[in-house]
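The sequence and structure are shown first.

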Amino acid sequence: MLPYRRLRESCGGRARLAAVTADDVTSTTDRPRPDSARLLVTGGRGQLGRALTTLAPAARGLAHADLDITDPDAVRAFVNPGDVLINCAAYTAVDRAETEVEAAFAVNATGPRVLAQACAEKGARLIHLSTDYVFPGTGAHPYEPDDPTGPATVYGRSKLAGEQAVLEFAPDAQIVRTAWVYTGVGADFVATMRRLERERDTLTVVRDQIGSPTYALDLAAGLLELAGKPGTPRILHATNAGQASWFDLARAVFAGLGADPERVQPCGTEDFPRPAPRPAYSVLSGNSWAAAGLAPLRHWKLALNDALAAVSDYPGPP
Ligand SMILES: NC(=O)c1ccc[n+]([C@@H]2O[C@H](COP(=O)([O-])OP(=O)(O)OC[C@H]3O[C@@H](n4cnc5c(N)ncnc54)[C@H](OP(=O)(O)O)[C@@H]3O)[C@@H](O)[C@H]2O)c1
């Protein structure tokens with residue numbers, strides 16, 4: 001197993017953390033009061049929120065129970081001048097959103113507007129997470145930030161509405177679109193493949209959906225670098241490099257576990273009908289990230305190997 005500390009270093013954590021682990025971030029041992037925190041992570045108990053607070057333990061991770069991002073008074077009470085707030089809170093149940101439209105828009109559209117207004121009012125900086133689902137998902141080339149959007153799902157429409165609110169209400173905010181995020185722990189795709197490798201002889205996985213598998217710790221390290229670098233373009237894309245189908249990713253997980261990848265067989269989207277249509281192609285280009293002077297995220301296969309080596313050390317969901 002790759003020791004967890006080494007993993008943090010190998011994903012670039014140490015170098016990139018230098019910008020945000022300085023004195024301006026308070027220590028968790030000295031439980032910060034709302035008015036003393038400098039790096040805030042909303043949605044702090046989610047997949048990405050946990051990755052961020054793992055790499056930056058002095059950051060203040062706010063669970064849903066600590067702060068509901070749709071509550072303007074509560075948000076205003078937490079945000080202070082000079083804070084950097086990374087918003088990982090979201091309604092992420094893509095299929096359920098098709099019928100829970102109001103709930104999805106409350107968290108993904110109203111929430112970011114509330115955060116953007118509070119950050120603008122208090123002189124704090126907002127970094128807001130968004131998704132490849134804002135695009136139609138029918139492309140043939142990696143999406144750039146200024147490519148036309150056109151979400152095909154309620155989740156995608158709600159996230160796009162959140163982006164628009166952030167752009168309108170917080171002039172200093174950045175939006176970071178990402179995709180296919182995993183830790184390998186819990187119930188994400190990589191964790192599910194690990195479980196199925198133990199439970200099943202064979203399985204079928206869709207081959208006709210292509211995207212950008214992204215290790216949460218790599219993304220978190222990139223976001224922490226961005227947190228130390230104001231003035232970048234307003235919309236950026238951040239994923240591990242390269243592209244894959246879910247089938248490719250599943251086979252890579254099996255191979256990484258030392259199992260026979262041939263146990264994973266391909267199938268088509270039509271074999272797994274879902275309430276929300278999944279994009280056939282939603283790879284995000286890393287050009288905007290590199291052009292902003294931010295360290296490119298490594299290839300997804302390298303990241304996956306480290307993720308698999310580190311799962312036993314990785315802090316699981318609460
Ligand atoms: N995971 C992916 O593959 C992926 C892909 C593209 C983009 N993204 C984006 O990346 C960001 C982080 O995603 P993630 O995978 O970390 O999501 P996640 O694991 O589902 O975490 C989201 C967190 O938001 C919290 N939350 C929900 N409603 C809230 C509210 N009103 N106020 C405060 N917190 C609330 C949830 O808490 P409760 O569970 O307690 O409600 C949960 O802990 C999101 O913006 C997501 O859209 C994710």
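The model is predicted: local features need pLDDT of at least 70, side-chain atom pairs count only at pLDDT 80 or more, and totals for chains, interfaces and linings use all residues. Residue numbers start from 1 along each chain as its sequence is written.

The chain holds 11 helices and 12 strands, both taken as DSSP runs numbered from the N terminus (helices: H or I, at least four residues; strands: E, at least two). Of its 318 residues, 50% are buried, where buried requires 20 or more other C-beta atoms, placed from the backbone, within 10 Å of the residue's own. Taking contacts between residues at least 6 apart in sequence, 80% link residues at least 24 apart; a contact has C-beta atoms, placed from the backbone, within 7 Å.

Helix α8 spans residues 216–227 and has 12 residues. From its first C-alpha to its last, α8 reaches 16 Å, close to the 16 Å expected at 1.5 Å a residue, the expected span being 1.5 Å times one less than the number of residues. In α8, 12 of 12 residues are buried, including Asp-218 and Glu-225.

The shell around the ligand has 26 residues, of which Gly-43, Gly-46, Leu-48, Ala-89 and Ala-90 come nearest; a residue is near if its C-beta atom, placed from the backbone, lies within 6 Å. Elements giving two or more residues to this shell are α3 (47–55), α5 (101–122) and β4 (125–131). The largest share, 3 residues, comes from α3.

| Class in the shell | Residues |
|---|---|
| Nonpolar (Ala, Val, Leu, Ile, Met, Phe, Trp, Tyr, Cys, Pro) | 12 residues |
| Polar (the others, Gly among them) | 11 residues |

Note on methods. Two residues are in contact if their C-beta atoms, placed from the backbone, lie within 7 Å.
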